[in-house]
Amino acid sequence: MFYPFKDDQGRPKTLPEVSYADLDQLRDLEEGYALEFKRSFSPTVQKKVPKIVASFANSAGGWLVIGIADDDRSVCPVPRLAADYSQIIGELCRRHITPAPRIDVRFIADPADPAVGVVVVQVLEGDFPPYISDGVVHVREGSTSGPAASTALVDLYGKATRRRAEVTAFCRRTVFVAARETPLFNLYMFRMGRRAADAPSRDELNAHAEAMRGSFARQGLACRVHHAHDSLIFSIPTRDTPRTPHSSIELFGDESLKLTVPAVLLAGEERKRAAERLFGAEAARQPEDDLHILSAEDTLARVTRMAAVLDRYVRERGIAWRQYAVAYELENLAGAVLWSDEPLYLRYAHERGPLFCATADCLSRVRYLDDGAHDSFRARQFAGSHFFEACGLPLGSPDENDNALVDALLRT
């Protein structure tokens with residue numbers, strides 16, 4: 001993506017890094033395919049904002065700068081409003097553009113007079129075009145926005161189809177596990193809006209790795225780093241044989257993430273006692289290979305501990321969760337029965353039957369976190385609650401017993 005602001009070494013500056021002094025860099029730039037200036041935030045400009053934003057989202061992304069004259073690029077500060085510009089422009093886009101594009105809006109105040117400043121709107125290239133503004137599909141045509149031709153519409157739909165296929169292809173485990181039948185909980189987090197052309201530099205990759213190491217450390221965990229061909233794999237170091245699977249996080253160059261956590265199956269006398277309490281004495285005598293029993297407490301502890309590392313990493317890197325598409329998978333756990341000695345679960349199991357992984361693939365649908373339903377998303381809570389969903393306990397059920405059981409199991 002085009003970045004109009006650079007640091008002293010010529011590296012692109014992200015919008016949160018842009019200062020008022022950086023506005024001088026715009027004097028050498030012309031309006032074009034990815035950049036547009038507006039002198040004021042007048043009612044006329046406000047009506048044009050959705051069309052401009054949609055055209056950037058349908059093209060390769062772009063920047064709208066309000067408070068810069070389009071003829072000589074002089075700064076013409078706009079007043080700071082009672083309401084935040086991000087709310088105003090965000091509401092304009094939500095009301096007039098379908099689907100809602102991903103934008104970031106910042107009011108950059110004049111240090112000499114904080115009551116005025118310049119508004120910078122960054123529009124990311126849309127993942128699922130076409131983005132329709134008031135019934136019209138606009139695209140960039142040089143330095144202006146105009147209705148898309150029929151061939152452009154076909155290209156936009158093709159882009160959306162390819163993007164969905166890319167997300168789907170990402171949602172599979174790519175960390176090596178020697179034992180093919182190892183039971184695993186996998187969490188896939190695909191960062192939207194990134195393209196191959198945005199490949200990070202070596203310095204950026206090093207910054208990503210340092211942030212992940214720090215996230216492990218702040219969670220009280222040691223980690224070792226394995227360099228793969230297009231990712232870094234962070235795993236819990238042990239002295240076990242390499243064939244023993246360990247919890248790991250795979251970090252890609254665009255900061256997409258994959259979490260792999262071995263589940264804990266009961267064995268020996270512990271398994272026999274659980275089988276007897278759930279099914280009776282006859283079940284306790286069945287071979288372990290015929291009846292897998294999954295420890296809710298131990299597996300949940302592993303899953304939430306590692307997912308908390310993801311929360312710390314994203315917070316450290318300043319990434320918004322809404323940039324991600326998320327899916328989870330229970331691998332090699334089809335038919336495994338959930339065990340907990342939580343009294344509420346034992347009563348639930350006696351009345352309705354134990355919970356178990358009832359699907360053969362155990363792969364969830366993809367959730368896009370920019371849909372407005374995941375504004376308070378945290379990987380730790382998501383992984384924990386959806387671990388139980390995968391075991392057959394419905395989330396958000398109208399049945400109070402279901403919700404009480406979810407709460408009780410999450411406290412184990």
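Q: Leaving aside its neighbours within four places in sequence, which residues is phenylalanine 5 in contact with?
A: This is a predicted model, so every contact here is computed from predicted positions. Phenylalanine 5 belongs to the segment before β1 (35-38). With those close neighbours left out, its contacts are Arg11, Pro12, Lys13, Val18, Asp22, Leu23, Gln25, Leu26, Trp63 and Val120.

Q: Is phenylalanine 5 buried or exposed?
A: The cut-off to remember is that buried means under 20% relative accessible area. Phenylalanine 5 comes in at 0% relative accessibility, so it counts as buried.

Q: How far apart in space are phenylalanine 5 and leucine 15, C-alpha to C-alpha?
A: Start with the sequence: phenylalanine 5 and leucine 15 are ten residues apart there. In space, going C-alpha to C-alpha, the gap between the two is 8.5 Å.

Q: Okay, zooming out: how many helices and strands does the chain have?
A: First, some scale: the C-alpha trace spans about 85 × 45 × 45 Å along its principal axes. Buried residues account for 49% of the 412 residues in the chain. As for the elements you can trace in the picture, the chain has ten helices and 18 strands.

Q: Among contacts between residues at least 6 apart in sequence, what share join residues at least 24 apart?
A: A contact here means heavy atoms within 4.5 Å. Take the contacts in the chain whose partners are at least 6 apart in sequence, and ask which of them join residues at least 24 apart: the share is 68%.

Q: How far apart are the mean positions of the positive and negative charges of the chain?
A: The chain has 51 positive and 58 negative charges. Work out a mean position for each set, and the two points are separated by 1 Å.

Q: How many aromatic pairs are there?
A: Rings pair up here if their centres lie within 6.5 Å. Going by that rule, the number of aromatic pairs is 15.

Q: Which strand holds phenylalanine 234, the partner of phenylalanine 216?
A: Phenylalanine 216 and phenylalanine 234 form a stacked pair, with 6.3 Å centre to centre and 25° between the planes. Both of these phenylalanines are buried. Phenylalanine 216 sits in helix α4 (residues 202-218), so the pair links that helix to the strand of phenylalanine 234, 18 residues apart in sequence: β12.

Q: Which residue lies over the face of phenylalanine 170?
A: Charged side chains show up over rings in this model too. Arginine 164, for instance, lies over the face of phenylalanine 128, at 4.0 Å from the ring centre. At phenylalanine 170, the residue over the face is 4.4 Å from the ring centre, and it is lysine 258.

Q: Is isoleucine 88 buried, partly exposed or exposed?
A: You'll find isoleucine 88 in helix α2. Not counting residues up to four places away in sequence, it touches Phe41, Leu81 and Ala83. Buried needs under 20% and exposed needs over 50%. Isoleucine 88 has 22% relative accessibility, so it counts as partly exposed.

Q: What is omega for the cis peptide bond that joins proline 129 and proline 130?
A: Another bond to look at first: threonine 98 to proline 99 is cis, with omega near -10°. Proline 130 is in the loop between β6 (113-123) and β7 (132-133). For the cis bond joining proline 129 and proline 130, omega is about 5°.

Q: What is phi of aspartate 134, roughly?
A: Aspartate 134 is in the loop between β7 and β8 (136-141). It is exposed, with a relative accessible area of 52%. Aspartate 134 is a residue other than glycine, yet its phi is positive, near 50°.

Key: Residues are numbered from 1 along each chain as its sequence is written. This is a predicted model: local features need pLDDT of at least 70, side-chain atom pairs count only at pLDDT 80 or more; totals for chains, interfaces and linings use all residues. Side-chain values use heavy atoms; hydrogens and water are left out. Helices (H or I, at least four residues) and strands (E, at least two) are DSSP runs, numbered from the N terminus. Buried means under 20% relative accessible area, exposed over 50%, partly exposed in between (1.4 Å probe, protein chains only). Lys and Arg count as positive and Asp and Glu as negative; His and the chain ends are not counted. The place of a charge is taken as NZ of Lys, CZ of Arg, CG of Asp or CD of Glu. Rings of Phe, Tyr and Trp (its six-membered ring) pair if their centres lie within 6.5 Å; planes under 30 degrees apart count as stacked, over 60 as edge-to-face and the rest as tilted. A charge sits over a ring if NZ of Lys or CZ of Arg is within 6 Å of the ring centre and within 35 degrees of the ring normal.
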